[in-house]
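Student: I have a model open and would like to talk through how its pieces are arranged. Could we start with a pair of helices?

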Amino acid sequence: MSEQELKALRVRIDSLDEKILELISDRARCAQEVARVKMAALPAGEEPIFYRPEREAQVLKRVMDRNQGPLGNEEMARLFREIMSSCLALEQPLKVAYLGPEGTFTQAAAMKHFGHAVISKPMAAIDEVFREVAAGAVNFGVVPVENSTEGAVNHTLDSFLEHDMVICGEVELRIHHHLLVGENTKTDSISRIYSHAQSLAQCRKWLDAHYPNVERVAVASNAEAAKRVKGEWNSAAIAGDMAAGLYGLTRLAEKIEDRPDNSTRFLMIGSQEVPPTGDDKTSIIVSMSNKPGALHELLVPFHENGIDLTRIETRPSRSGKWTYVFFIDFIGHHRDPLIKAVLEQISQEAVALKVLGSYPKAVL
Ligand SMILES: O=C(O)C(=O)C[C@]1(C(=O)O)C=C[C@@H](O)C=C1
């Protein structure tokens with residue numbers, strides 16, 4: 001390519017950037033207008049709701065449907081995700097609590113779902129995220145709920161039994177783990193490997209093969225593990241990209257998770273109900289009486305009405321020995337007439353039924 005061709009292309013890029021800049025600014029002004037309209041339409045004394053997850057899901061889906069490349073759908077949606085995040089911040093900057101410290105996969109999930117224009121607050125434990133949301137100190141919380149290799153995150157499920165919380169979104173994140181060390185650490189000097197228990201479990205086979213005799217130490221999060229090894233010459237951490245970058249660590253080995261499709265699903269929790277989008281999921285908690293066939297009775301209405309269950313999890317109910325609650329996720333919104341009827345049917349047999357929330361299926 002000649003210098004002249006390159007110059008001409010850069011002139012074109014400059015001119016396109018100017019148009020994009022103008023269009024983004026136009027869009028941001030529109031969002032400011034939206035905020036004005038939302039405030040004007042408000043009955044006296046009510047708090048305006050600026051964040052509209054159902055609308056955001058529609059915007060991102062529309063972008064993906066219309067995209068003709070060369071950028072991929074996910075890439076394009078990610079760009080629009082950030083534009084929308086900045087537009088919302090003009091209306092109202094969202095405050096989001098997540099399972100910290102900084103650099104955790106939960107923080108990465110929060111950014112993937114809300115974009116980077118939020119005020120994010122790391123919390124030390126899952127229960128603290130719930131409490132922060134319940135206290136109204138933040139608008140939303142982000143917590144992990146299940147991993148494709150290791151299963152349910154029980155702390156999160158149990159927190160739903162203790163707090164009245166609405167699930168208003170979900171996001172899935174591909175989890176890649178790396179073996180990270182500080183500047184002066186050599187491969188053969190490692191005598192301890194820190195990580196979160198779930199991450200150690202997700203890399204169990206790799207660790208057995210490469211570091212069978214090295215002590216594995218479970219800590220509160222992978223970011224906490226990364227933070228520790230920064231100052232220790234004989235230890236390593238298992239953590240992801242964000243933590244590696246944040247603490248300036250070196251990757252001794254990359255993508256060491258045992259399963260290449262290792263993914264974690266995260267939930268957004270708040271107090272705001274989300275209207276239907278036509279492509280939603282619902283999460284419920286049900287407790288049945290302790291009698292033979294109870295689980296069958298619970299599942300029959302879903303089967304008979306052709307409702308797609310995406311997950312069922314059992315946890316001790318905490319209100320009696322050997323009694324259980326079921327966490328069930330299924331496709332549909334609790335305001336859909338068919339889902340309404342099914343929930344009605346189940347509640348007649350159930351000891352208790354609580355809808356945790358209906359929310360748009362993850363777009364990104
Ligand atoms: O449509 C709205 O209600 C808006 O506030 C605009 C907008 C956007 O930028 O598209 C911004 C924030 C909302 O969460 C959803 C969409």
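Tutor: Keeping in mind that this is a predicted model, we can begin with α3 and α4, which are roughly perpendicular to each other.

Student: At what angle do the axes of α3 and α4 cross?

Tutor: The axes of helix α3, residues 73-91, and helix α4, residues 105-114, cross at roughly 80° and come within 8 Å. The crossing counts as roughly perpendicular because angles from 65 to 115 degrees are put in that class.

Student: Which residues make the contact?

Tutor: From α3 the contact uses R81, E82 and S85, while α4 contributes M111, K112, H113 and F114. By type, the residues of this contact of α3 with α4 divide into three charged, two polar and two nonpolar.

Student: Okay, switching to strands. Is β9 buried or exposed?

Tutor: Strand β9 covers residues 235-239, and five of its five residues are buried, so the strand is largely enclosed by the rest of the structure. S235, A237 and A239 point one way from β9, whereas A236 and I238 point the other way, and all are buried.

Student: Which sense does the pairing of β6 with β9 have, parallel or antiparallel?

Tutor: Strand β6, residues 178-181, pairs with β9 in the antiparallel sense over three bridges, and within this part of the model H178 has A239 of β9 as its bridge partner.

Student: And what about β7 and β9?

Tutor: Strand β7, residues 192-195, pairs with β9 in the parallel sense, over three bridges, and R192 stands opposite S235 in β9.

Student: There's also an open sheet of four strands; what's the order?

Tutor: The order in that open sheet is β13-β14-β12-β15, and the pairing is antiparallel. β13 (309-316) and β15 (352-360) stand at the edges with a single partner strand each, so one side of each has no neighbour in the sheet. From one strand to the next, the twist averages 15°.

Student: How many bridges join β12 to β15?

Tutor: Eight bridges join strand β12, residues 280-287, to β15, and the two run antiparallel; as an example of facing residues, K281 stands opposite Y359 in β15.

Student: Last one: which strands does α6 lie across?

Tutor: Helix α6, residues 154-162, lies across β12, β13, β14 (324-331) and β15, and its direction is at about 80° to β13.

Notes:
Residues are numbered from 1 along each chain as its sequence is written. This is a predicted model: local features need pLDDT of at least 70, side-chain atom pairs count only at pLDDT 80 or more; totals for chains, interfaces and linings use all residues. Side-chain values use heavy atoms; hydrogens and water are left out. Buried means under 20% relative accessible area, exposed over 50%, partly exposed in between (1.4 Å probe, protein chains only). Two strands pair if DSSP finds at least two bridges between them. Axes are lines fitted to C-alpha atoms, for helices over the stretch in contact, and angles run from 0 to 180 degrees between N-to-C directions. Angles under 35 degrees count as roughly parallel, over 145 as roughly antiparallel, 65 to 115 as roughly perpendicular and the rest as oblique. Contact means heavy atoms within 4.5 Å. Ala, Val, Leu, Ile, Met, Phe, Trp, Tyr, Cys and Pro count as nonpolar, Asp, Glu, Lys and Arg as charged, and the others, Gly among them, as polar.
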